[in-house]
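Me: I've got this model open and would like a quick walk through it. Can you start with the metal site?

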Amino acid sequence: MISQGITILGSTGSIGESTLKVLALHPGRYHVVALSAHSNAVRLAEQCKQHQARYAVISDKNKAGELQTALDALECNSEVLAGNSALSEVVSLTETEAVMAAIVGAAGLEPTLQAVQSGKRLLLANKESMVIAGELFRKAASENNATIIPVDSEHNALFQVLPKDFDKGLNQAGVEQLILTASGGPFLHTERAALKNITPEQACKHPNWDMGRKISVDSATLMNKGLEIIEARWLFNARPEQIAVIIHPQSIVHSMVAYRDGSVLAQLGMPDMRTPIAHALAWPRRIEAGVERLNLADLHKLEFYQPDLERFPGLGLAFQVLEAGGNAAVTYNAANEVAVDAFLQRRIGFLQIASVVSTAMNRCKQGKIGSLDEILEFDREARDVAGQIIKSLV
Ligand code: NAD
Ligand code: MG
């Protein structure tokens, strides 16, 4: 077996750590080319030592010295690279065969897109980049013969239950609907009035999944599901009416595909990201992921409900984004990132996250997007607008 070279963007995060756990189970099959963190130099150095990474990349240039000191203290000779351009550099290396894109937010866009432009196998966790630049990803993947395998558990589930040639068109594949499941987050049964006073600590405590802070808040507002609707639109070339969301509090059914003949195919498993990560790494093969096995008889029941769009308006906004096209997804995502940040800093309340996004969508000028530069420009504008809206609230 020839060992495959893996680069992880955002290795110190929740997905990054889980990826390293899976890799550690298969020492002969994979080796680490590069690991990256934004600022956690100490953890990055430990990871580089343990996994014998060739390159240690820190995107915050000011932390390069700290990273070198931490590596020296561990007698680890990984080469230090710093700054955003270093992310794109390690992704493009010949030794890098697959890239785990696990940076959070639009900050991950450029190196993630670079992986596709370099014809690599992209294991995509960083949903925000697909949301804002889906068209560019599709084009780059077909031009460069790159494979994109979704890691987001719902999209990974869909990928598993769709036919291999789904990219020729969902209609041709006999698909009627992609049904994304949503746990409903920690406030599934909380009254709207009580949502007003939710704290960041409460919002970050997800009932089923252990995740980074931004996606935990997104799961609580259901903006995460909104982002996932848009992600599914691009990954599977789906029309808005071909995407549906259903609440499933147990997070055991990770998503479903409804076919024309009435069949519904689902992928089930414990809520543990190591399963989709292992699937994406090994596809089309299967490898051990180190996860607890699913025992349905212990669970007794799986429940499904319609989502409540009134308490969770961020979800409905995502369908508006699909209808609007152009830069609407860029605005939706950027305003959400800014609003989540403000919420985590206790500058705005929980319910204000969706209202900042909605107001920003009304205020930002609409336009078509063609290039990466245009996307980045719309992203900057939307962040400015969202910042002004937040200022007016506090
Ligand atoms: P996290 O906050 O735990 O980790 C984020 C990683 O990105 C860290 O390594 C951090 O150093 C790096 N990073 C942060 N800002 C950066 C910047 N400006 N430049 C470069 N690197 C930066 O996040 P996470 O929960 O691991 O999520 C990562 C991505 O995966 C997100 O897009 C999220 O939506 C997606 N995702 C996560 C889960 C999950 O279970 N955690 C599930 C599905 C999808
Ligand atoms: Mg998900």
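Me: Which residues coordinate the magnesium ion (ligand 2), and at what distance?
Reply: Asp152 (OD), Glu154 (OE) and Glu228 (OE) do, at 2.1 to 2.2 Å. Asp152 lies in the loop between strand S7 (147-150) and helix H7 (153-161), while Glu228 is in helix H11 (residues 223-235), 76 residues apart, so this pair links distant parts of the chain. Helices (H or I, at least four residues) and strands (E, at least two) are DSSP runs, numbered from the N terminus.

Me: Before I go on, what should I know about the model and the numbering?
Reply: It's a predicted model, where local features need pLDDT of at least 70, side-chain atom pairs count only at pLDDT 80 or more, and totals for chains, interfaces and linings use all residues. Residues are numbered from 1 along each chain as its sequence is written, chains are lettered from A and ligands numbered from 1 in the order in which they are written, and side-chain values use heavy atoms, with hydrogens and water left out.

Me: Back to Asp152: buried or exposed?
Reply: Asp152 is buried, at a relative accessible area of 8%, and Glu228 is buried too, at 1%. Buried means under 20% relative accessible area, exposed over 50%, and partly exposed in between (1.4 Å probe, protein chains only).

Me: New topic. What's the strand order in the open sheet of four strands?
Reply: The order is S9-S8-S10-S11, with mixed pairing. Strands S9 (243-247) and S11 (264-268) are at the edges with a single partner strand each, so one side of each has no neighbour in the sheet. On average, neighbouring strands of this sheet are turned by 20° against each other, direction ignored.

Me: How do S8 and S9 pair?
Reply: Strand S8 (residues 175-182) pairs with S9 in the parallel sense, over five bridges. Leu180 has Val245 in S9 as its bridge partner. Two strands count as paired if DSSP finds at least two bridges between them.

Me: And the largest nonpolar core, which residues touch the most other members?
Reply: Leu162 and Tyr332, out of 134 residues in that core. Helix H15 (residues 328-344) gives the largest share, twelve residues. A nonpolar core is a set of buried Ala, Val, Leu, Ile, Met, Phe, Trp, Tyr and Cys residues joined through side-chain atoms within 4.5 Å.

Me: What does Leu162 contact, leaving aside neighbours within four places in sequence?
Reply: Leu170, Val175, Leu178, Phe236, Val257 and Tyr259. Contact means heavy atoms within 4.5 Å.

Me: You mentioned H15. At what angle does H6 pack with H15?
Reply: Helix H6 (residues 127-144) and H15 pack at about 145°, with axes 8 Å apart. Axes are lines fitted to C-alpha atoms, for helices over the stretch in contact, and angles run from 0 to 180 degrees between N-to-C directions. Glu128, Val131 and Ile132 in H6 meet Ala329, Val330, Asn333 and Glu337 in H15.

Me: Last one: where is Ser59?
Reply: Ser59 sits in the loop between strand S3 (55-58) and helix H3 (64-73), and Ser59 is buried, at 12%. Leaving aside neighbours within four places in sequence, Ser59 contacts Ala37, His38, Gly83, Asn84 and Leu87.

Terms used. Donors are N, O and S atoms within 2.8 Å of the metal (3.2 Å for Na, K and Ca); water is not among the atoms, so sites may look incomplete.
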